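Subject: Structure handover, aromatic contacts

Hi,

Here is the structure for you to look over. My notes on its ring contacts follow below.

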Amino acid sequence: MNHSLGIMTLTPQSTNDYFLEIARHSNSYPIDLYLFSPQGISPLNETVEGLHYDKVKGEWEKDVFEIPEYIYDRTYYQNDLTSRQARAVVQWLKNQKHIRFLGYGLPNKWHLYEKLTQTSLAPYIPETYLVTERNHLLHLLNQHKDIIIKPVDGAHGFAVYHLITTQQEIRVRTTKKQGIIEQSFPSDEFFLKWAEHILKQHTFICQKRLLNQTKEEAPFDIRILLNKDASGEWREFQRAIRVGERNGILTNISRGASYISYTDWKSTHNSDSWDFIEHELRTILEEIPLLLEEQFSPLFEIGVDLIIAQDNSLWVLDMNSKPGHKVVHSLQPGKLTPLYKAPLDYCEFLSSQSLLSLRRGDF
């Protein structure tokens, strides 16, 4: 008897390459694959309007079906009514004991910070502040001079601001589709009006800016993709360097950054500290998935972003339970088949475990 696996996303698209490749590789698995949005679910009937992959035709077809036994959650939320409604449906789904998520997700950046600073990862987590009030933001800026703020629920570099104060002015920089947008405020009064406006839109976290620039003054970091294998064990799947644009703020690929092979980067950036850096990196990567699952909920994959500061210290900048996969496409297309099979393999692993043996966690 086949198991059912649903890929859940806010806007299901039959043309999505990643989902389509998972579907094509499902031919060799006893798994029926579905694609749907939380908005397509009827909690009353426990049915879904979405897409079912026809293995004979090799294409997605519209269908109404029972809620799948297993769900691969790729839902990204925005700050709108549709997202709020979707969140409520997904929370209901997670509370259904007969339904299993491959990964139950992570809380927002502030809750992550609060928990992880109480663990062995604390030395690698930059000091972070929750900002909900404009005078507090001004105080932090005056204290640290050069800071980054980002929404607690943000992703893909959305609404990330770089703030700098000098004797003459306060400068605010952010990244838009057309590039870096910069605005100057000649006094605290003007800045506070701007701060009040953005704080009505989002709750932010604030960190002192860590200097991590190339010789060409482009920001860079390490992106590592971790996921679980067919035995339910964590593995490092891909490692790369992300390099942003000159004088940029972000290293997000969606904001114009690019991937460079980690091996190539090392060969062109000789340092006596590589052995030390890599030892620290191994320690961090061994601990992260175990600590996250211990503190929160079971996970399937994690994108980890780390910075190598100018003094060669390592800092964990971000962790994402719904990471992108462009790093594999860009650098190692030979690993694409294992990438597409990973959700199917892990679904099979979960199906081999008794429901009582599977921890649901705190979500």
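The structure holds 18 aromatic pairs. A pair means rings of Phe, Tyr or Trp (its six-membered ring) with centres within 6.5 Å; planes under 30 degrees apart are stacked, over 60 edge-to-face, and the rest tilted.

Take Tyr-161 and Trp-194. Their ring centres are 5.2 Å apart and their planes stand at 85 degrees, so this pair is edge-to-face. Tyr-161 sits in strand β10 (residues 161-165) and Trp-194 in helix α5 (residues 188-201), so the contact ties together parts 33 residues apart in sequence. Helices (H or I, at least four residues) and strands (E, at least two) are DSSP runs, numbered from the N terminus. Tyr-161 is buried, at 12% relative accessible area. Trp-194 is buried too, at 12%. Buried means under 20% relative accessible area (1.4 Å probe, protein chains only).

Next, Tyr-346 and Phe-349. Their centres lie 5.8 Å apart with planes at 20 degrees, so they are stacked. Both belong to helix α9 (residues 336-351), 3 residues apart, about one turn of the helix. Tyr-346 is buried, at 4% relative accessibility.

Two lysines lie over ring faces: Lys-94 over Phe-101, 5.7 Å from the ring centre, and Lys-335 over Phe-237, at 4.6 Å. The criterion is NZ of Lys or CZ of Arg within 6 Å of the ring centre and within 35 degrees of the ring normal.

This is a predicted model: local features need pLDDT of at least 70, side-chain atom pairs count only at pLDDT 80 or more, and totals for chains, interfaces and linings use all residues. Residues are numbered from 1 along each chain as its sequence is written, and side-chain values use heavy atoms, leaving out hydrogens and water.

Best wishes

Methods:
Buried means under 20% relative accessible area, exposed over 50%, partly exposed in between (1.4 Å probe, protein chains only).
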